[in-house]
Amino acid sequence: MKAKLLSIGLVLVLLVGALLQISAVVHDRQTYRNIAIESVAQSLAGAQTLTGPLIHMACTEEWNVKVDKELRVERREFVMAAAPAVLTVKGNSQLEPRSRGLHATQVFNLKAQLVAQWADTEALKPVPLHASSRMSCGQPLLMMAVSDARGIRHASVKIGDQVLPLKPGTFFGSHPRGVHAPLPPGLARATPVEAVLELELVGTESISVVPLGGDTRMQLSSNWPHPSFGGQFLPVDRKISDNGFEASWRVSALASTAQQDVTRLDGDKGKRVCPPSIDGLSRGSCVEAFSVTFVDPANTYALSDRATKYGLLFIGLTFLAVGLFEFMKALRVHPIQYFLVGAAMSMFFLLLVSLSEHMRFDAAYAIAAAACVLLLTYYASYMLKSWARGLPFGLGIGLLYGMLFVLLQMEQTALVLGAVALFVVLAAIMMLTRQIDWYARFRQAGQTAQTEQVAKVAG
């Protein structure tokens, strides 16, 4: 008996090693998927963050300084920026898949209208710091910054009835990528100023918007039904359905430092907009923003990895079921048979990963589970010496796979469902074995083993 228990323990160790290897395969395939997604982003455009519109102007102040009876000219260069008092963003994002080999990612096409209103442009009036200095300023620029300018498909800006020509770049410190339009001097001094910018932008993974206005409002709709709202501000209203989502934000400058971080006078040293974070936590030197990440629920490798973590538990429950059959029905099951049963259950996870690369995850799961259940039912009918025992055994394996599929679909309640299922299994085992005299059973098993050993010696 001790030798058999040790053999079964060795079998479990071998199967744990096999599960670890399968888990490593899943992680490798996940890495290949991430590389494929990065390849799409490098060829098209990555996550996008919108900063603007913003009016800025570069100025130079010169003054004379007398040093050792000589006059020297000193100068300082600075940038002045005016953020809009009201910023309204309306956008629609349509997603479509792009593939690299076996792996696909979602690419969005954002069509947005941004309306920026300035009550005045007092922030663009230079203030000299030295008496009798000479002040010269460049042409005011209206700029719109994006994190990856390769994704710009179309952009146009209009102030009143006048359409302004757009040029690449922003010429503004830490936000260099985007577009800008020189403003006629008279137009820049007008009060108030309203700019309407039409933007078509493509990218991958996520969209973020910096609340640059004194009052920033945004409405975003999409055909993607799996959004994850992040950044430092969650939407005030959202509707999610199978056909997509609609969300709206409203952020006041009183609740955000984004305006100060972007429009600070030392624009070259301003804070950068960091990549969006699903957890929504602020990260040190980052400009505040709100974001939408287009989560892909069909990430088969994440689901396969979660399934593999249940592998040892499933093998343990199966060995327990085989052991109960063997113990209660006085059967003889060899450790090699235990190994083959565990190997078949381990093979399920490898089948799941490989099939899910070519079809929907639920279809791959159904095929892999059905194949393993049929194989184990057929093998168990001979291992347990009866189809009457093999069929219930196969039914139990099928229930285990069904429970695992439910756990994978209900991520938020997976722990409580798993705990309840294990409690039910434990309760069933206790009920079935409540009248067994374990001492007598082990004594009988020991005597049987001793009789067989004596018979072998006598033979």
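**Salt bridges and a helix pair**

1. Arg 75 and Glu 62 form a salt bridge through their side chains, with an N to O distance of 3.8 Å. Arg 75 belongs to strand β2 (residues 70–82) and Glu 62 to strand β1 (residues 48–67), so this pair ties together parts that are 13 residues apart in sequence. The model is a predicted one, and the distances quoted here should be read accordingly.

2. Arg 75 is partly exposed, its relative accessible area being 48%. Glu 62 is also partly exposed, at 24%; the cut-off for a buried residue is under 20% relative accessible area, so Glu 62 does not qualify as buried.

3. Arg 75 has a further partner in Glu 77: the closest N and O atoms of this salt bridge are 3.4 Å apart. Glu 77 is exposed, with a relative accessible area of 62%. Which residues are linked with Arg 75 in a network of salt bridges? The network consists of Glu 62, Arg 75, Glu 77 and Arg 134.

4. A separate point concerns Asp 215 and Arg 250, which form a salt bridge with the closest N and O atoms 3.4 Å apart. Asp 215 lies in strand β13 (residues 215–222) and Arg 250 in strand β16 (residues 244–252); the pair therefore ties together parts that are 35 residues apart in sequence. Asp 215 is buried, with a relative accessible area of 15%.

5. For the record, the count of salt bridges comes to 11, with a nitrogen-to-oxygen cut-off of 4 Å.

6. Turning to the helices, the axes of α6 (residues 335–356) and α7 (residues 361–383) come within 8 Å and cross at roughly 165°. Helix α6 is therefore roughly antiparallel to α7. The crossing of α6 past α7 is right-handed.

7. What is the make-up, by class, of the contact of α6 with α7? The contact has 19 nonpolar residues, two polar residues and no charged residues. On the α6 side, the residues in contact include Leu 340, Val 341, Met 345, Phe 348 and Leu 352. On the α7 side, they include Phe 361, Tyr 365, Ile 367, Leu 376 and Met 383. Gln 337 and Ser 356 of α6 are also among the residues that meet α7.

Conventions: Residues are numbered from 1 along each chain as its sequence is written. This is a predicted model: local features need pLDDT of at least 70, side-chain atom pairs count only at pLDDT 80 or more; totals for chains, interfaces and linings use all residues. Side-chain values use heavy atoms; hydrogens and water are left out. Helices (H or I, at least four residues) and strands (E, at least two) are DSSP runs, numbered from the N terminus. Buried means under 20% relative accessible area, exposed over 50%, partly exposed in between (1.4 Å probe, protein chains only). Axes are lines fitted to C-alpha atoms, for helices over the stretch in contact, and angles run from 0 to 180 degrees between N-to-C directions. Angles under 35 degrees count as roughly parallel, over 145 as roughly antiparallel, 65 to 115 as roughly perpendicular and the rest as oblique. A crossing is left-handed if the near helix is turned anticlockwise from the far one by less than a right angle, and right-handed if clockwise. Contact means heavy atoms within 4.5 Å. Ala, Val, Leu, Ile, Met, Phe, Trp, Tyr, Cys and Pro count as nonpolar, Asp, Glu, Lys and Arg as charged, and the others, Gly among them, as polar.
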